Amino acid sequence: MGSQKLNALPLVQEQFQAALPLIPGVVRTPDGKINIKGAGESQGMLQVDNTEMVDPITGSYSIDLPIDAIESLDVSKAPYNAEFGHFSGGLTSVVTKPPSGRWNYELNAILPSIRGEAGHISGIAGNNPRLRFTGPLHGDRLTMSESFAYVLNKQIVRGLPWPKDQTIQQGFNSFTNLQYVISSHHLLTLNLHLFPNRLEFADINSLVPQTASSNYGQSGFSLGAKDRLVFASGGLLSATFQYTRFSSYAHGQGTADMLVTPNGWGGNFFNAYTRTANQGEARETYQFPHRVWHGSHDLKVGGDAVYRTFRGSSSSMPVNILRTDGSLAEQIAFSGPGSLDAHDTEVGVFAQDHWAFGDRFALDAGLRFSGQTLGTAAAIAPRLG
């Protein structure tokens, strides 16, 4: 899916993840998660310019990207290439737009949507302005681009009284890209990505009022660098580094015990957590020159390493289950320190070949060897497609 088609789609939320369910085999579950051919987000992978863009701990697609920064979007339901690791389900690949050598500005979706109630205007229902500008900083050698998107959405939930009948999402997304042409065969790219987001009254419905709901928030950034060198023989050497810091939290509206009654929830939501994850990813690949031997061959070798750390806390208040007359039927209490801490290192190497016998038949074969400290120390995975 190219950028023109992505921008032309009538999406309620002007985010690229909203376009994924339009692709065959991709569905959005009732809790808002992406499912690709039966594989959930935690089993799949979202990559931007061949680097991971998921929550380092849960693997969820919690990090968004401004839609104006995307050059192409592709979903592979069976990613069998040996180059791909760290997941077992579908692969969503995003390629960002390179900076331009001429200054250009775009301003989109600047008009807010208005909410009406009982025949009167009651406020703003949403506002999602987007800004993109790109151009040269130092001739044709150094160029930059900035894509910025602000998000304000107020989702109405039927069955609750106005004005306490809405969830509120607010945040912004910024993607800055710098490209430096070292020589005609050598290119260096740097990027900075910011993605704070906040969701108030996240899980309300006709049986869960705002007072018994939970708030969710996240913040973080990623900083990446990619170096590409083309040799005189036609081989391509690519080195990539990406650092991501992702923090999130959730909490109720107060400290009262949670009440579960036949008529719905009361009190305040019982659980609160905070967590911070850091991930460093390094990847190096070499694409051999195109060769012909009983067909055409594109051979690629490389390796990658990912280091993740996670620290957080979780605390839960009592949950009181009440009978119809309001008497206490059961109380659920929680114990334990609630502190969470883990780290993991994953390393892998691979070799793969795309062997094309003609215009209609090709064979992809490869081998991947990997290991991690929290999983299998050594695993060999042959790939064939």
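How much space lies in the second largest pocket? Here are a few notes on that and on some aromatic pairs.

1. This is a predicted model, in which local features need pLDDT of at least 70 and side-chain atom pairs count only at pLDDT 80 or more, while totals for chains, interfaces and linings use all residues. Residues are numbered from 1 along each chain as its sequence is written, and side-chain values use heavy atoms, with hydrogens and water left out.

2. The second largest pocket holds about 450 Å³ of space. Of its 34 lining residues, Val 48, Asp 49, Asn 50, Thr 96 and Lys 226 are the closest to its centre. Strand β15 gives the most to this lining, with five residues. (On a 1 Å grid over the protein atoms alone, a pocket is an open set of points where a 1.4 Å probe fits, with protein on both sides within 12 Å along at least five of seven lines; lining residues have an atom within 4 Å of a point. The volume is the space filled by probe spheres set on the points, which are joined across faces, edges and corners. Strands are DSSP runs of E, at least two residues, numbered from the N terminus.)

3. You will find 13 aromatic pairs in the structure (ring centres within 6.5 Å; planes under 30 degrees apart are stacked, over 60 edge-to-face, the rest tilted). Phe 195 and Phe 246 are stacked, because their planes lie at 25°, with centres 6.2 Å apart. This pair ties together parts 51 residues apart in sequence.

4. Phe 231 and Tyr 286 pair edge-to-face, since their planes are at 65° and their centres 6.1 Å apart.

How values were computed:
Helices (H or I, at least four residues) and strands (E, at least two) are DSSP runs, numbered from the N terminus. Rings of Phe, Tyr and Trp (its six-membered ring) pair if their centres lie within 6.5 Å; planes under 30 degrees apart count as stacked, over 60 as edge-to-face and the rest as tilted.
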